[in-house]
Amino acid sequence: MSDPQTVSVPGRIMAAEMAEQPAVLRRILDEGAPKIREIAAGIAARSPRFVLLTARGTSDNAALYAKYLIEILLGKPAGLTSMSTTTAYGAQPDLTDVLVITVSQSGGSPDLVASTKAAREAGAITLAVTNNPDSPLAEVSEFHIDVLAGPEKALPATKTYTAELLALYLLVEGLRGGDGSAAEVLPGLAAGVLARQAEVKALAERYRFAQRLVITSRGYGYPTAREAALKLMETTYIPATPFSGADLLHGPLAMVDNVSPVIAIVPDGKGGEALQPVLDRLRGRGADLVVIGQRAQVDAASAGFALPAGVPEEVQPILEILPLQQLAYEVTIARGQDPDAPRALAKVTETH
């Protein structure tokens with residue numbers, strides 16, 4: 001008879017790492033925040049004129065979240081870099097007084113390392129945000145923030161993503177002289193959200209046989225839509241297309257009909273208000289609309305998952321993604337696949 005301890009249970013690792021997230025968030029607040037504030041003060045003293053963010057995959061969605069934070073809370077222009085301009089085309093932009101933030105769980109992808117090194121040589125202030133302080137990326141960067149998530153063994157990134165979000169929020173708060181107090185409620189609220197997995201499992205039945213998905217949001221919720229789509233595609237293999245609500249109205253809405261499953265992330269705040277016309281149009285087309293977010297919007301949809309009220313909009317993405325991670329897990333299990341080891345994926349993707 002097989003030893004139960006040695007039997008591989010599909011999704012066991014991903015489930016365990018999702019469950020770690022409240023503890024990881026607490027660790028960042030207790031152990032990581034002082035160092036992040038110190039780094040933020042050092043960067044702020046040099047008055048960067050704008051910010052460039054460099055990342056791939058899941059970390060690219062975390063970088064997009066940081067872009068919203070920087071533009072809204074700091075009032076500075078921010079952009080996502082195209083690494084090939086440096087690594088493939090050999091461009092040499094003048095990055096004097098520019099803050100370049102490179103976000104990477106492993107810190108090992110050659111293009112991230114090369115582009116960060118080139119940015120530093122071009123005069124940039126370089127900051128790496130990784131889960132590996134001994135990585136090549138940390139080595140070539142002037143500053144480094146460790147997201148303190150601990151080893152992540154499942155191929156789909158879960159705890160490192162929310163850790164990156166919190167670290168980037170605390171960084172931006174430090175850059176503007178804030179105290180980051182809005183994040184203090186997150187570990188407890190995250191534990192409460194994750195404890196409602198039975199609700200997510202019921203939602204997953206809607207998507208077991210789905211042929212495609214559309215995921216939409218606006219504002220701070222848009223990076224969540226992109227990350228949710230990525231998680232669903234890499235684990236369930238269902239094509240999931242993320243759209244800004246504004247972009248969805250500019251043509252792609254035509255592909256939505258009364259059998260089209262749509263997931264809308266509706267922030268409690270300005271992003272949710274901006275999404276309202278999109279929700280109205282989706283309902284008008286008879287879409288199978290599931291809402292993650294505001295209770296009133298969940299009640300008005302086909303189904304959904306209500307998130308805690310009263311949380312500042314800029315930190316809501318750290319909670320929004322949790323039921324969507326669980327949804328990817330539950331749909332994958334329901335389809336008879338193993339979310340720990342999606343086909344054709346590696347933990348460190350070495351692009352050049």
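Predicted model: local features only at pLDDT ≥ 70, side-chain atom pairs only at ≥ 80, totals over all residues.
Residues are numbered from 1 along each chain as its sequence is written. Local features need pLDDT of at least 70 and side-chain atom pairs count only at pLDDT 80 or more, while totals for chains, interfaces and linings use all residues, and side-chain values use heavy atoms, with hydrogens and water left out.

**Stop one: the second largest pocket**

Start by selecting T86, P93, L95, S115 and A119, which are the closest to the centre of the second largest pocket among its 18 lining residues. (On a 1 Å grid over the protein atoms alone, a pocket is an open set of points with protein on both sides within 12 Å along at least five of seven lines; lining residues have an atom within 4 Å of a point.) Its volume is about 290 Å³, counted as the space filled by probe spheres set on the points, which are joined across faces, edges and corners.

Next, colour β1 (50-55), α4 (84-87) and α5 (110-121), the elements that each give two or more residues to this lining. (Helices are DSSP runs of H or I, at least four residues, and strands runs of E, at least two, numbered from the N terminus.) With four residues, α5 gives the most.

**Stop two: the cavity**

Now select A33, R37, L170, E173, G174, G178, D179 and G180, which line the largest cavity. (A cavity is a set of points where a 1.4 Å probe fits but cannot get out.) Its volume is about 40 Å³, and the whole structure holds one cavity of 30 Å³ or more.

Finally, show α2 (21-44) and α7 (159-175), each giving two or more residues to the cavity lining; α7 has the largest share, three residues.
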